[in-house]
Amino acid sequence: TILASFLVTGSVSWLYYSDRLMEFPLGVFGVALATVVLPGLSKKAARADWDGFKRDLDFALKLVVLIAIPATLGLFLLAQPLLVTLFFYGEFTAFDVLMSSHSLMAYSLGLLGFILVKVLAPAFYARKEMKTPVKIVVVALVSNIILNLLLIGPLAHVGLALATSISAMLNAGLLYYFLLNQGVFCLQTPWRAFLLQVGLGVIAMVVLILLLNPEHQAWLDFNAWQRVSWLLGIIILAMLAYVIAMMVAGFRPKAFLRQLKNREERSASADELGSS
């Protein structure tokens with residue numbers, strides 16, 4: 001915010017509005033995942049059930065990939081429609097929409113990193129291992145400051161958003177590296193087929209968004225109800241395209257949910273044995 005205050009008038013507001021939209025999926029999904037993951041990991045760590053610990057974390061990472069990748073691309077591709085629909089009223093001009101959309105696109109590139117941090121950091125807290133994540137946060141913070149100073153010149157407010165995204169990905173990457181290095185985690189179930197399914201789903205979603213998304217000027221000319229209806233229609237159809245394409249590629253939601261149910265049942269059974 002301090003750095004943005006030295007830029008042209010409006011930079012602080014452009015960053016604020018775009019950050020609010022980026023924080024929405026992070027708050028809904030990232031915080032929810034962290035809330036669910038930490039108790040289970042703590043129980044597994046207390047019982048030294050490292051196989052269960054790895055399974056739980058592996059499943060949480062699959063949920064992150066399943067949600068964060070389409071959310072990232074959705075925010076990136078629908079940055080302008082979202083901002084027009086929510087904020088293009090009163091003193092918020094078309095130029096403000098354009099500038100805010102650029103920073104939102106930069107912020108969206110770090111969404112996967114932000115959500116991964118919410119899931120990977122509890123893997124350290126569950127083992128009462130506080131030093132490593134704190135050191136990583138310091139590294140990410142310092143890198144963020146350096147990147148801010150490097151990118152603010154050529155990219156202005158967009159550089160500040162991009163610096164935040166890069167530092168978030170660095171934070172997540174270091175957390176993952178140290179979990180592997182400490183031997184407390186490794187990928188459990190086959191990921192290649194899962195990533196292929198997600199990839200095909202994302203391709204279908206992106207193609208549909210590009211086909212259905214009107215030109216920028218059309219969004220500005222729409223009235224409020226037209227904006228809302230168009231945006232909701234695109235989002236719902238894009239979600240359907242994502243899920244259907246994944247299912248065509250072999251993804252089975254029931255089997256995925258069964259894995260979640262089995263994980264919860266194993267955890268409950270272990271709790272009962274521990275109580276006995």
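Mentor: We shall take aromatic pairs, charges, pockets and backbone angles in turn. Please keep in mind that this is a predicted model.

Trainee: How many aromatic pairs are there, and what describes such a pair?

Mentor: A pair of aromatic rings is described by two quantities, the distance of the centres and the angle of the planes. In this model the count comes to eleven aromatic pairs. Take phenylalanine 87 and phenylalanine 92: their ring centres are 5.9 Å apart and their planes stand at 50°, so this pair is tilted.

Trainee: Are phenylalanine 87 and phenylalanine 92 buried or exposed, or something in between?

Mentor: Phenylalanine 87 is partly exposed, with a relative accessible area of 21%, whereas phenylalanine 92 has 10% and is buried. The cut-off matters here, because buried means under 20% relative accessible area. Both rings also belong to one aromatic cluster, formed by Tyr16, Tyr17, Phe87 and Phe92.

Trainee: Which class applies to the rings of phenylalanine 222 and tryptophan 230?

Mentor: Their planes are at 10° and their centres 6.1 Å apart, so the pair is stacked. Planes under 30 degrees apart count as stacked. Phenylalanine 222 is buried at a relative accessible area of 16%, while tryptophan 230 is partly exposed at 38%.

Trainee: Over the face of which rings does lysine 62 lie?

Mentor: Lysine 62 lies over the face of tryptophan 191, at 5.9 Å from the ring centre. Lysine 62 also lies over the face of phenylalanine 194, there at 5.2 Å from the ring centre.

Trainee: What parts does the salt bridge between lysine 44 and aspartate 56 tie together?

Mentor: The closest N and O atoms of lysine 44 and aspartate 56 are 3.0 Å apart. Lysine 44 lies in helix H1 and aspartate 56 in helix H2, so the pair ties together parts that are twelve residues apart in sequence. Both lysine 44 and aspartate 56 are buried.

Trainee: Which elements supply the lining of the largest pocket, and of what class are its residues?

Mentor: At least two residues each come from helices H1 (11–46), H2 (50–77), H3 (79–87), H8 (192–212) and H10 (224–248). H10 gives the most, with eight residues. By class, the lining of the largest pocket has 23 nonpolar and two polar residues, and no charged residues.

Trainee: How does the second largest pocket read, by volume and by lining?

Mentor: About 280 Å³ of space lies in the second largest pocket. It is lined by 14 residues, with Thr1, Ala4, Leu15, Tyr107 and Leu160 closest to its centre. H1 and helix H7 (157–181) are the elements that give two or more residues to this lining, and H1 has the largest share, five residues. The lining of the second largest pocket divides into nine nonpolar, three polar and two charged residues.

Trainee: Finally, the backbone. Where do lysine 128 and alanine 156 lie, and what is phi in each?

Mentor: Most residues other than glycine have a negative phi. Lysine 128 has a positive value, near 55°, and lies in the loop between helix H5 (111–125) and H6. Lysine 128 is exposed, with a relative accessible area of 72%. Alanine 156 also has a positive phi, near 55°, and is found in the loop between H6 and H7. At a relative accessible area of 27%, alanine 156 is partly exposed.

Trainee: How far apart are glycine 153 and leucine 7, in sequence and in space?

Mentor: They are 146 residues apart in sequence and 9.6 Å apart in space, C-alpha to C-alpha. Glycine 153 has its place in helix H6 (residues 131–155) and is exposed, with a relative accessible area of 61%.

Note on methods. Residues numbered from 1 in each chain as written. Predicted model: local features only at pLDDT ≥ 70, side-chain atom pairs only at ≥ 80, totals over all residues. Heavy atoms only, no water. Phe/Tyr/Trp six-rings, centres within 6.5 Å; stacked < 30°, edge-to-face > 60°. Buried < 20%, exposed > 50% of the residue type's maximum accessible area, 1.4 Å probe, protein only. Lys NZ or Arg CZ within 6 Å of the ring centre and 35° of its normal. Helix = DSSP H or I, 4+ residues; strand = E, 2+ residues; numbered from the N terminus. Nonpolar A, V, L, I, M, F, W, Y, C, P; charged D, E, K, R; others polar. 1 Å grid on protein atoms, 1.4 Å probe; cavity = no way out; pocket = protein on both sides within 12 Å on 5 of 7 lines; lining within 4 Å. Points joined across faces, edges and corners; volume = space filled by probe spheres on them. Salt bridge = Lys/Arg side-chain N within 4 Å of Asp/Glu carboxyl O.
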